Amino acid sequence: MTIFGLTLAGLPAGAAAAIALVGAAALTGLYLLKLRRRRVVVPFAPLWAAALGETQSERLSRRLRRWLSLALQMLFGALVLLAAVDPRPAEADRAGRSVLILIDRSASMSATDEPGSRLGSARRVARGIVAGLGPADRAMVATFASGVAAETGFEADVRSLEGAIDEVTGTEEPADLPRALGFAAAALRGRPHPTLILVSDGAYGANARAQAPAQALSGVDVRFAPVGTRGDNVAIISFAARRDPADRGSVQASVVVQSFRDGPCEVALEIGTVADGGAQEGPGSEGAAAEIVVVERARLGLAPGERKTHVLHEVAAPGARLVARLVRASGGGGGGDDLAVDDRTYAVVPALPRRRVLRVGGGNLFLEGALLSLGGQVVVRRVSTAAAESTRARWPDYDAVIFDGVAPAPAPTAGRFLYFDPAGAGSPFPARGALRDPVVSDTQKLHPLVKHVALADLNVREAQRLTIEPGDTAVASSFGSPLIVARVRPGLRVAALAFDPRHSDLPMRTAFPLLLANAVEWLASAGVDTDAADVATGGVSLRTGRTFRVGDADIPVARVGFHRVATAGGAAGAPAAVVAANLSDPVESDTHPSAALTLAGRAWPRPPDAGPGGPRQDLWAVALIAAVALSLFEWWSYHRRWTV
Amino acid sequence: MRRGSLQRAAVARALGAVLGGGLVAAGLLGWLSTQSTETDGTLAFELGSRAAQLGAPAWLLLLAAAPAVFVVRLGSLADFSRGQLLLQAAVRTALLFLMALVLARPALHSEAVAVSVVAVADVSDSVTDRDLEGARGFLAEVERAADPRRFRLIRFARWPEEVVATQPPTAAALGRLPPLAGAGTDIALGLGLGYGLIEPGTIPRILLLSDGRATGGDTLAEAERAAARGVRIFFRHLADASLAGDVAIDGLTAPDEIRPHGSFEIEVRVLASHDGQVTLRLEQDGRPHLPEPERRVALRAGTTTVAWTTRIDQPGTSVYRARIVAADRNHRTENDEGTLAVAAQGRPRVLLVQDEPGAAAAFARALEAESIDVEVRGPRGAPARADLEPVDLVVLSDVPRSELTDRQMRALESYVRDGGGLLVAGGPGSFGSGGYAGTRIEPLLPVRIDLPGRREEATLALALVIDKSGSMSGARMDLTKEAARATAEMMAPEDQIAIVVFDSQAAPLVRLQRAANRGHIRTGIARLQPSGGTNILAGLRDGLEELYPAQAKKKHVILLSDGQSQYDDLPELVDDAVAAHITISAVGVGDGADQTMLRTIAARGGGRFYHTRDPASIPRIFTRETAELSRSSIVEEPTTARIARRAEMLAGIPFESAPPLRGYVAARPRPSADLILTTGKGEPLFARWQIGLGQVAAWTSDLKARWAVDWIRWPSFGKFWAQAARSTMRRRATHRLPMRTTLDGETVSVTIDAVGPDDRFMTGLRGDVEATHTADPPGRRSLPLMETAPGLYQAAFPAGPPGALLLSAKLARADALPPVVQAGGRLTIPFAPELRPAAAATAADGEAASAGAAARLSSRPLLEAIATRTGGREASSAAAVMDPGPDRVTALRPIRTPLLLAALALFLLDVLLRRVRLPKAGASFHV
């Protein structure tokens, strides 16, 4: 209920009114009573004559003192009742400001250049802002990193605001300033005297500043309360492992180290594997406490702002977990490092799943050689053309079925197939004649089938003019006639070469085993973007988002380290996937604080020391303090008979 | 006096009491703080079995006034018994204690089952009016079931906003946000605002009403945060949009590489919520696409791809726009258009400079047949540096050095060092015989053009007999001098030259001497001045006199004249020369020259006759004539091409069927050059090497119907030269990598997979991607690319308004060399993701759908995922939302109000004790 611009947060108005009525009636009734005088036997009657000879004026004075006493009691009761109803300035009080205290809790706020951390300093600054709020001001505490959330509503309760500020904890996520400011603009929209106070170290990139919703904040009094004293950090800004494109059994890892210090420095980089069983299992970050077997040490000298890439070849077995960490170099200019979260990074060597392949056709040494080059990760079963039909029922069970120069009729409608030079009634791509000496004129270079495959100047003696259907993809073609085709249908994946590789120089090139490996991977991984999977299992960056897809699962990741992902539909006992997450954000790692903030040409001044109208005080407390004072005064006056 | 002293004593007692009371209170506070578990100024302690807290315990110091109350009583003038006065003081002290306690902010921990609901309602454009109305109804139910203080409402689309109603119910005030805000759905932001509105000390619930089609924010991550806060999220699925039926253009795609004049397919991806028919229109650069501007196609629910065959005639950017003209059920028209900007790269470009028009026409035709553009220029057409920028390969076909200026040679050298390709093909006017020894071009060549062993033997003795009559003045004389100089310079050092000039008389300008004396010869030529008449006989005689004693394989006279002269004795003189194995060529300049006589001299002298009206051609005639003669390095005999090293450029070329070449220029390979083909004698035929960032190849035979006349007819001629040209030309094509672009909600992600020609990751590169938006006006931004894994470079940025994006990236090594990797991509930014047809959002094939969790998890599954992660569920009814179930929350509850009510009651008792005299024990009560 709102009365005179005040809302009652305590006793409801109705109850308060009833209590006031009853109390007032009781007090009046009590004061209407005439106090019976005490019986005292006085032996000398003439003394009483003086006492009884009270003047009229004295009688009036006594009556007034009684009514004054009643008034004091009424006032006391009213003050206590006022404290009980707890009146507060109404929401719609246009006199007060609406202050949104937006606290940055991104990774850079964990820098230790301030006592405790920058976040501790931010909390102190925010408490100071709350202490300076005016009596009619209302404030909301909100925090942000990659996400943004309100910690309180717009309220006047200082203790509630302070409580929310004290609860703010740091994250290992990067800051999304445009999103946070968009949120702030939305939360302040339509509120009286909107004020935004950003408490932060100002570690935002140029793009984040450019994308800030300056227009939405045009009517808002924006303020910037800086924290942080210096920029002194060396960071690993990227660490991930990938399969070698030329040799899928081999894995490379790269570590990118950058100095954000103002002077040259030297750091030691250690790369190691996490020993089996050494890591803590369970949800969330793991690896920090794990035992690490160092496999490589490097000493890097870095100029200010310099970035160096350190590459490891043939790192470790598939599925291994890698840790790269920065250690202060002894000797040289080691210097300080205020941010720990980017000194230790994690990567998982991508696993290479075993693929089952069925090869149907006659002898073909080129094909056999290429299949052999794929190593033990591909298990090949071979059947002759004549025996093909006997295996038809099991075709869908294979990761890839290769038809070398044959096309069993009818063409299968489910499964994963690779055709070389398909012909006859069983061909999924009917031929319309032959093409002499075709030249590869167009290639869909982004298609997974031809990833890293160079087809320039491919020499083909003769190819078929394949007919493709809508939805098919001509991955490579010769002036409109497809040479490599891909088809995706529900439950079916087909790739085809329109020519016999033996009638071309393809088997002589490194492109052939690559093409074959790509085809097997593409067929086997139906629906999974192998490119993304390669990277996602190697390492994810909190910079690009928090939710990542691993296999069929979307996992939100909030902390750096290894994350064990068990999919709900996974088979019992199946090994859970492990994902490595890193900060990988040079903007966060650059801990140079900003003393001032300018967005879209608008400078954000410092927040004022106190809001208009002076420090705030709870009305109920004021009323109660007044009641205490009144109570003591009344007690004194009564016993001194100033009131009766 | 007595009264005053009493009062002073009372005041003193009161002050003393206050002081004493303060000490006692402070002691009490000190003791309490030792019992407290808090450190932030509050006092926490156990009160029976419950935890209690004093938020501002300093207010308990007010109790210091309590003794004063009793002290005041001692000197009281009130007419009460001592016992009643004592009772009054006790009650007043209790009242004081209560008030001090209230000011100390006492609170008790208690377990609550009250539910606080923050309803977060989706009002984005994808939510239909009917769904919105349904949401209002359901929210009204929840609001009725909830405590008014514990129900808050937020509406959200692209951003959130609390709904504040002047009168309940708040649900009735639920409306849409301003138009632009409705074009997105950011559930995460809505939830983020919701946390702040939850009443402290209650069971927190968020009721999410949405169609679940998030377009921004990381919804699942936000759900994780909600779970961490203990907030259960219940949801109500607004599903009416899926019933409305809609068709939309999702995007357009084109092949990775598009060349002018070549046809390619533009694929239009159409999303539909239902099976049906649609009419599509395609425009190219704002004009209807011809010959087929419109097409009617059948759609399936989900994605249907429609392919249009098209072509671009000029290199550059073309904008294709696809539009839905008519459809069976089309709920929205805002999503009926898609745009794609296509940059057609020109085909590889070769600049062919040849010695005479049409000489290398077969070579040019062969390259063009292999999709390589060829620009043919004459011998004077060698370009300047700026002209070379778009050229991938320069071919010099039998172009003598005299045709190139120093500036042009510098331009060629700089072009090659910066990455351009140069192929120098042979012929009589090329390599050493073309006068390239000692030039800027010579060190660029992968073959040495000076041949040891042939140095000491003079091959040629040449006499230039030049008419210096008055008619030769001006440009004619200047060009003649230049021709003489060029002739001298292109001769091998061991060859011999003499220059004889004549007017009415003859005089030797340069006596016969080795061409190595170039400075002396140049000085002699510089002295040449026109004057007098014309006496050819005298000049020719003196020229022959110079040659008679010469020791050389070939002796030759070049006679130049522009006038008339006597015929007397000329035939005999020529015949004598022929008898002495001296040949004579004649050059007539201008219409005044006696062509008949000069032709006769040339015919009898075994040489060639040239006539020109353009003096500018004099140098070319001289150098050509000299080149014909300076054939010490020329081998004119049949030879076969032999493979010295298997190179990629030779793949598929059947050299066993190659016909012989009829000649070549003898040369030696440089030690570090890549010798690929040799002649039958093992001399270089095709050699190549790297100069700076570019490559230079030498083909010592020719490209024309002289030595390569049989090769031109060979079926593999075109293929061989196309492959050789491609492997030599600028590495622009080979270092151009594909760029993967994806649109995830409203974020564009760019990925470049940098794998080098050696199939290895290209690590440690730095660079930027430049994104150009085809909006009006076009927007351009540049973003740094991050290496996120070996050879993998990525960047992400907001997509911006609907339209098309063209992307180009350059990556270089840190040592600031020119870019080593270039990549290009394009992307359609379709309608706001909010307007994606409902059924299509979930029906797409895994490959067609854009990556990203928000796009994959859409509609109901997303809402279910949120609920599952937070322990919530679908809200079947208002009661289900309000039911606390097993949830309990322990909260710190202030107990101010009950204490103040107790104080009021005590206050009434206090007044009562003042107004009513208590009877003594056994006495009757009197008023």
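Modeller: B:D575 counts as partly exposed, because its relative accessibility is 35%, and that falls between the 20% limit for buried and the 50% limit for exposed. Please keep in mind that we are looking at a predicted model. B:D575 sits in helix α14 (residues 570-579) of chain B and B:R604 in helix α15 (residues 595-604) of chain B, so to speak a link between distant parts of the chain, 29 residues apart. Elsewhere, salt bridges that share partners tie A:R359, A:E368, A:R382 and A:D404 into one network.

For context, there are 69 salt bridges in the structure over all chains. One of them is in chain A, where A:D472 pairs with A:R487 and the closest N and O atoms are 2.8 Å apart. This pair also links distant parts of its chain: A:D472 lies in the loop between β22 (462-466) and β23 (473-478) of chain A, while A:R487 belongs to strand β24 (residues 481-489) of chain A, 15 residues apart. Here, both A:D472 and A:R487 are buried.

Back in chain B, the side chains of B:E222 and B:R225 meet in a salt bridge at 2.6 Å, N to O. These two are about one helical turn apart, because they are three residues apart in helix α6 of chain B. An α-helix has 3.6 residues a turn, so residues three or four places apart point the same way. Both B:E222 and B:R225 are buried.

Helix α6 leads us to another helix of chain B. The cover over the buried residues of α21(B) includes α6 (219-229), along with α5 (187-196), β7 (203-210) and β8 (232-237) of chain B. Those buried residues are B:S859, B:L862, B:L863, B:A865, B:I866, B:A867 and B:T870. Helix α21 (residues 859-870) of chain B has twelve residues and spans 17 Å from first to last C-alpha, close to the expected 16 Å. Just after α21(B), B:G871 has a positive phi of about 85 degrees.

Stepping back to the whole chain, chain B contains 23 helices and 43 strands. Of its 927 residues, 55% count as buried. Among contacts in chain B with a separation of 6 or more, 75% are between residues 24 or more positions apart.

Now for the partner chain. Chain A and chain B bury about 9600 Å² between them, with 57% of that on carbon and sulfur atoms. Chain A brings 108 residues to the contact and chain B brings 103. Eight salt bridges cross this interface, and A:R179 and B:D186 also meet in a salt bridge, 2.5 Å from N to O. In polar contact across the interface of chain A and chain B are 20 residue pairs, both residues at pLDDT 80 or more. On the side of chain A that touches chain B, helix α12 (residues 619-639) of chain A supplies the largest share, 13 residues. By class, that side of chain A has 49 nonpolar, 25 polar and 34 charged residues.

How values were computed:
Residues numbered from 1 in each chain as written. Chains lettered and ligands numbered in written order. Predicted model: local features only at pLDDT ≥ 70, side-chain atom pairs only at ≥ 80, totals over all residues. Heavy atoms only, no water. Helix = DSSP H or I, 4+ residues; strand = E, 2+ residues; numbered from the N terminus. Expected span 1.5 Å × (residues − 1). Buried < 20%, exposed > 50% of the residue type's maximum accessible area, 1.4 Å probe, protein only. Contact = heavy atoms within 4.5 Å. Buried area = accessible area lost by both parts, 1.4 Å probe. Salt bridge = Lys/Arg side-chain N within 4 Å of Asp/Glu carboxyl O. Polar contact = N/O pair within 3.5 Å; in protein donor to acceptor, adjacent residues only side chain to side chain. Nonpolar A, V, L, I, M, F, W, Y, C, P; charged D, E, K, R; others polar.
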